Amino acid sequence: MSTLINMLRAGNLPGRIAGIAATESMVADDLCERITAGTMVAPAGNSGRRVRGVAIGSGVRTKVNANIGASSELNSEPEELAKLDAAVRAGADTVMDLSSGGDTGSLRRALISACDLPFGTVPIYEAASLARQRSGSVVAMTRDDLLGAVEQHAADGVDFMTIHAGLTLSALDHLQSQGRLMDVVSRGGAFMIAWMIHHERENPFYEDFDLLLDIMARWDVTISLGDGLRPGCLADASDRAQFEELVTLGRLAAAANEAGVQAMIEGPGHMPLSDIEANVKMAKKLTGGAPFYVLGPLVTDIAPGYDHITAAIGGAIAGAAGADYLCYVTPAEHLGLPTAAEVHSGVIASRIAAHAADIAKGSHTAMDWDIRMAGARKSLDWEEQIALAIDPQAARSIYGSRHSESVAGCSMCGELCAMKIVSDHLGLKAGEISGC
Ligand code: SF4
C-alpha cells in the first residue's frame with residue numbers, strides 16, 4: 001500500500017518531506033533513511049486533509065504535543081476549539097483529542113477541520129464510551145467496536161493514534177503478581193485490562209495486530225504504541241510490568257515498520273528524576289531506536305496545581321537522554337480538564353523543556369536562540385528580548401507593567417543595573433554592545 005514508508009522505499013519523495021528537511025536543516029535523503037528505518041516518523045494520514053509537515057525522531061528538534069478533548073463531565077465544542085487555538089498559538093507541534101464524553105465524533109471532526117497540525121486520537125476511548133452508553137459498561141466493547149473506531153478516526157482525517165497493543169495477558173500477570181501502589185493510571189490501559197479480565201481473553205489489538213496494521217496502512221496513519229502500564233506514581237516506576245510491555249512494544253514497532261506503517265513508542269509517566277536517563281536509553285535500545293514519546297515524565301507526585309513544572313523537569317531530562325517527543329502536562333493535571341489558559345501554560349512549559357533538551361543534544365539552532373537572547377540582554381534591547389522570548393506576551397506584560405522610562409535597566413535593580421554599570425566602565429554604552 002502507498003504509505004509514506006513504502007513510497008520512500010520505492011524512491012519517491014513526497015513534497016512535504018523536502019519541506020520538513022528544509023525546516024529541520026537536514027538533507028532529505030537522511031530524513032528518508034530515518035523514516036524507512038523506523039527511527040523517525042512524519043505523521044500525516046491520507047484522508048486528503050492538508051497537514052503541516054512535522055518530523056519526530058532522532059536528529060530533529062524535540063517536539064511537543066498538547067492534549068485537549070471533552071469528558072462526560074465537561075463537554076463544550078467552543079471550549080475545546082478555544083483550547084486548540086491556545087495550543088497552536090503557544091507553539092504545540094501536534095495536538096491530540098482525548099475526548100471520552102459528549103458527541104465525540106462530532107467534536108473530533110470539528111477540531112480536525114480547524115487544525116493543520118498532525119492530529120492524534122485514542123480510539124479505545126470512543127469505543128469504551130459508546131459501549132458504556134449502549135450497554136452500561138466499558139467491557140461491552142467488542143473487537144469490531146475497537147477496529148471500527150480506528151477505521152472511523154482514520155477516515156475522519158486523524159494522522160496518528162495511540163493503540164495499547166502491548167498490554168498482553170503476560171504483562172497483566174506481572175502486574176498482578178508484583179503488586180503496585182497505584183496499579184494502572186492509563187485510561188486506555190484501564191479499559192483494556194477491564195475487558196481482558198472480564199472476557200478472560202487476550203488484548204484484541206495484540207491478537208489482531210495484523211488487521212490493525214492493514215487499517216493503518218490503508219489510511220497511512222502512524223501508530224503510537226501506548227504504554228497502558230506506565231507508572232502512575234514514583235513508587236511504581238521501572239517495574240517488571242512496565243518493561244514487559246515495553247519489550248512487546250518494541251516487537252510491534254518492528255512489525256509495523258515491516259508492514260510500511262510508521263510507529264512510535266509511548267513512555268512514562270511518573271518517575272524519580274534519577275531513573276529517567278536509564279529508562280529512555282533502555283526504551284531506545286529495546287525498540288530499535290523508534291521515536292520515543294513521553295508523558296512528562298513527572299518527577300514528583302506532590303505538586304498538583306504545578307504539574308506542568310514537575311513534567312517539564314522530567315521532560316528536559318528525558319529529552320536530553322534521547323526522548324524525541326514530549327506530551328505536555330498542564331497545571332490542571334490530576335485535578336480536572338484544563339482551561340485554554342492552562343493549555344497555554346502547559347505548552348510553554350513543555351516547549352521550554354524541549355528546547356533545553358535540544359541544547360543538551362547539541363543543536364546549534366537551539367543554542368543560537370539563547371545566544372541572541374543573551375546579546376539582547378547585554379545591550380538592554382527590550383524589544384528584541386521580548387521578540388525572542390518563548391512567550392512574548394508574558395514577557396511584555398511583566399516588563400511593561402513595571403518599567404520606568406527614566407532608567408535603562410528594568411525595575412529589578414533600577415539605577416543600579418549591572419549591565420549598564422559594567423558597560424559604562426568598560427568604555428561602551430549599553431546600547432552599543434551587540435552580541436556577547
Ligand atoms: S536592572 Fe538588573 S535585572 Fe534588570 S536588566 Fe539591569 S541588571 Fe538585569
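**Ligand shell.** I started with the residues around the ligand and sorted them by class: 8 nonpolar, 1 polar and no charged. For the classes, Ala, Val, Leu, Ile, Met, Phe, Trp, Tyr, Cys and Pro count as nonpolar, Asp, Glu, Lys and Arg as charged, and the others, Gly among them, as polar. The shell consists of Leu-380, Trp-382, Gly-409, Cys-410, Met-412, Cys-413, Cys-417, Ala-418 and Met-419. A residue gets in if one of its heavy atoms lies within 4 Å of the molecule.

**Ground rules.** I noted that this is a predicted model, where local features need pLDDT of at least 70 and side-chain atom pairs count only at pLDDT 80 or more, while totals for chains, interfaces and linings use all residues. Residues are numbered from 1 along each chain as its sequence is written, and side-chain values use heavy atoms, with hydrogens and water left out.

**Domains.** I looked up the domain assignment, and it gives domain 1 as 57–362 and domain 2 as 380–432. These bounds come from an automatic or database assignment. Taken over C-alpha atoms, the centres of domain 1 and domain 2 are 42 Å apart.

**Helix pairs.** Two packed helices are described by the angle between their axes and the distance between the axes. The axes are lines fitted to C-alpha atoms over the stretch in contact, and angles run from 0 to 180 degrees between N-to-C directions. Helices here are DSSP runs (H or I, at least four residues), strands are E runs of at least two, and both are numbered from the N terminus.

*α2 and α3.* I found helix α2 (residues 15–23) packed on helix α3 (residues 28–37) at about 110°, axes 9 Å apart. The two are therefore roughly perpendicular to each other; the cut-offs are 65 to 115 degrees for that word, under 35 for roughly parallel, over 145 for roughly antiparallel, and oblique for the rest. The α2/α3 crossing is right-handed. That label means the near helix is turned clockwise from the far one by less than a right angle, and left-handed means anticlockwise. Ile-17, Ile-20 and Ala-21 of α2 touch Ala-28, Leu-31, Cys-32 and Ile-35 of α3, where contact means heavy atoms within 4.5 Å. The class count for this contact is 7 nonpolar, no polar and no charged.

*α6 and α9.* Helix α6 (residues 123–135) meets helix α9 (residues 187–199) at about 50°, with 9 Å between the axes. That makes α6 and α9 oblique to each other, and their crossing is left-handed. I listed Ile-124, Tyr-125 and Ala-128 on the α6 side, and Arg-187, Gly-188, Phe-191 and Met-192 on the α9 side. I get 5 nonpolar, 1 polar and 1 charged residues in the contact of α6 with α9.

*α13 and α14.* The axes of helix α13 (residues 273–286) and helix α14 (residues 307–321) come within 9 Å and cross at roughly 35°. This crossing of α13 and α14 is right-handed. Leu-273, Ile-276, Glu-277, Val-280 and Lys-281 of α13 meet Ile-313, Gly-314, Ile-317, Ala-318 and Ala-321 of α14. By class, that is 7 nonpolar, 1 polar and 2 charged residues.

Most residues other than glycine have a negative phi, and most peptide bonds are trans. Which bond joins Pro-268 and Gly-269? I found a cis peptide bond there, omega about 15°, with Gly-269 in the loop between β8 (263–267) and α13. The bond from Gly-296 to Pro-297 is also cis, with omega near -5°, and Pro-297 sits in the loop between β9 (292–295) and α14. Last one: Asp-220 is not a glycine, yet its phi is positive at about 50°. I placed Asp-220 in the loop between α11 (209–219) and β7 (222–225).
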